[in-house]
Amino acid sequence: MSSNTFPSQPQNSDSPFQFLGAVTKVTGATLLGITMLTSSVIAGGLVGLAISFRNLPDVRVLRNYTPSETTHIYDIKGKPLASLHGEANREVMPLNHFSPHLKRAVLAIEDSYFFTHKGVNPSSVGRALKANFSKGETVEGGSTLTMQLVKNLFLSPQRAFSRKVAEAVLALRIEQVFSKDQIFEMYLNQVYWGHNTYGAETAARSYFGKSASELNLAESAMMAGLIQAPEALSPFLDMKAATRRQHIVLQRMKDLQWITEAEEKEARNYSIKLGKITSFQRSEIPYVTEAIVQELTKKFGRDMILKGGLRIQATIDTKLQRIAEETVRRGIQNLNGSGVYADQMALVSVDPRTHYVKAMVGGVDYKKSQYNRATQALRQPGSSFKPFVYYAAFASGKYAPDSTVMDTPVGYPDGYDMYYPQNYDRTFSGAISIRRALEVSRNIPAVRLGQEVGLNKVVEICRSIGIKSPIDPVISLPLGSVDITPLEMANAYATFASNGWYADPTLIAQATDSRGAIVLDNRPKPRLVLDSWSAAAVNDVLQGVITRGTATSANIGRPAAGKTGTTSSERDIWFVGYVPQLSTAVWVGNDDYSPLGYGATGGTFVAPIWRDFMAQAVKDLPVERFRPPSDFPRP
């Protein structure tokens, strides 16, 4: 036997070598099949994922992405009035604005490896896959901060393997396009913090009543802890749960050696002072803010108001607004106590120098009725319309304040009938000066002058001073047989006060976007639309209405002009008056047009309400006199 020959082994069916060989043949074939099958599945899956990934969003669109932001309204002096938003109440801020405590707290609890990974953290994903496989469903996220941002911006919240893979792919893409600081800034401005509050700045102002730049460690840890389950952990709803979560965040920060043990202890013992829920809050002056929204919506559309993050400087002076609201509240009580059956009142003030609306009250109680009577109620102005007719007479060059007009019976054809104007007291004064006729509000002289100068001319003048409501040139027009809003009346009289200079009335001085760029500039751009001599003549005559006419109860102890208004059916009573710095219209009536009661006149009941408001409104303004007609050339 050769020395290199192994001893022969028994050859039978029970030989272990024979069995092993057979198994090896079978196993080799099986492993080959399994490998080929697995490869096919993986390849198919990768192809499927590749096809589906082709339909994923292009993350480069984020370069021009602007998240929805809350619009803020301030008064003329910068006092906050209201915040307007849709689903998302958000204020976007740059990364360096946020407190360092907040940034560290968020990273500690959400993604402590954020600045070292490339969008996906394999160790976190591994832990999540193991937990999800053992449970047979998606129970753990393992998402990085970048993946969370992707989910919030691009993907549905549905828990599925395909969505997690899509998250990872998009996260990797984002990290290739944007810097870590850019991603972190987007995250802090995008994340949901509960109670319709989005972004760290708005959340900080809601939860703690301060800016996100001012948050201390304790507040930052509590806020960071809310991200996991904002509503369930909200300190507004469950302070104990919020505090437990805060402690977890602080422990994590200490474990990472981002804070010391002493800092952790101090933060745990800090007494949190909560703010208030800021989303969908009711405005302090709803009639004003609703009117502002309507004005803005016409220019920019509703979405821009609720999502555009505008900063609106209103023309409203909050001090005057509060005086106006209190005047209306007190005025309606006094009227009802005096036998005048009125359920509504409107008051609006306009600055003649700018035509800015300084105060507006659209009704007695906004909670009961949101209808804004200052801007929407079309009511007959009665005799407060007469100054427009008298201005037309002065501007014609044929009349002056001391010209004579006849207060005698007269009739005019009106269709198939005759129209015979009557004075309020049913008497006639004969020959009377224009000045006196307007001071005591005689009707017949106004109708005569309307026919003399032409009613179409009166309509044209009304249009030039901002009255846009429909006006028909009917014979009774000089007596106020037209429907006009209180805002239109206040603004029209403001044009007299400025000696003929007019600008469109507005509630908005200026609007900027959240970055400070001006998007609406309503700085005054007055234009001369009336003859100055004629406007000054109207001012001269209307001062007599207060000093010796139908509105002596409107005297405020300084030069003022105005006119009473009472409709023949006593459904509407008015007083519209002004000083050189402020024009105010007050209307009283019933929404159902029912009469106010016998003897209800603007001079008796509304002039004192106007005086109540104006005496307080102009208290700190210097006394100014109206320029006399002699300062201007007569037409």
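This is a predicted model: local features need pLDDT of at least 70, side-chain atom pairs count only at pLDDT 80 or more; totals for chains, interfaces and linings use all residues.
Buried here means under 20% relative accessible area, and exposed means over 50%. The partner of S8 is strand S11, residues 430-433, and the two run antiparallel, joined by four bridges. Within this pair, Thr404 is placed opposite Ser433 of S11.

The secondary structure amounts to 20 helices and 18 strands. Of the 635 residues, 52% count as buried. Among contacts with a separation of 6 or more, 71% are made by residues 24 or more positions apart. The accessible surface comes to about 29,800 Å², and carbon and sulfur atoms hold 54% of that area.

A second sheet to look at is an open one of five strands, ordered S7-S6-S18-S17-S16 with antiparallel pairing. Its edges are strand S7 (357-361) and strand S16 (561-566); each has a single partner strand, so one side of each lacks a neighbour in the sheet. From one strand to the next, the twist averages 5 degrees. Inside the sheet, S6 pairs with strand S18 (residues 582-589) in the antiparallel sense through seven bridges, and Val348 faces Ala585 of S18 across this pairing.

Two helices accompany these strands. Helix H18, residues 486-497, packs on the sheet and touches S6, S7, S16, S17 (572-579) and S18. The direction of H18 makes about 30 degrees with that of S17. Helix H20, residues 602-617, lies across S6, S7, S16, S17 and S18, and runs at about 35 degrees to S17.

The side chain of Gln344 reaches the backbone nitrogen of Val364 at 3.0 Å. Leaving aside residues up to four places away in sequence, Gln344 also touches Ile332, Gly363, Val364 and Arg373, together with Trp587, Val588, Gly589 and Asp591.

How values were computed. Residues are numbered from 1 along each chain as its sequence is written. Side-chain values use heavy atoms; hydrogens and water are left out. Two strands pair if DSSP finds at least two bridges between them. A polar contact is a pair of N or O atoms within 3.5 Å; within protein, one must be able to donate a hydrogen and the other to accept it, and residues adjacent in sequence count only if both atoms are side-chain atoms. Contact means heavy atoms within 4.5 Å. Buried means under 20% relative accessible area, exposed over 50%, partly exposed in between (1.4 Å probe, protein chains only). Accessible areas come from the Shrake-Rupley method with a 1.4 Å probe; for residues, only the protein chains shown count as cover. Axes are lines fitted to C-alpha atoms, for helices over the stretch in contact, and angles run from 0 to 180 degrees between N-to-C directions.
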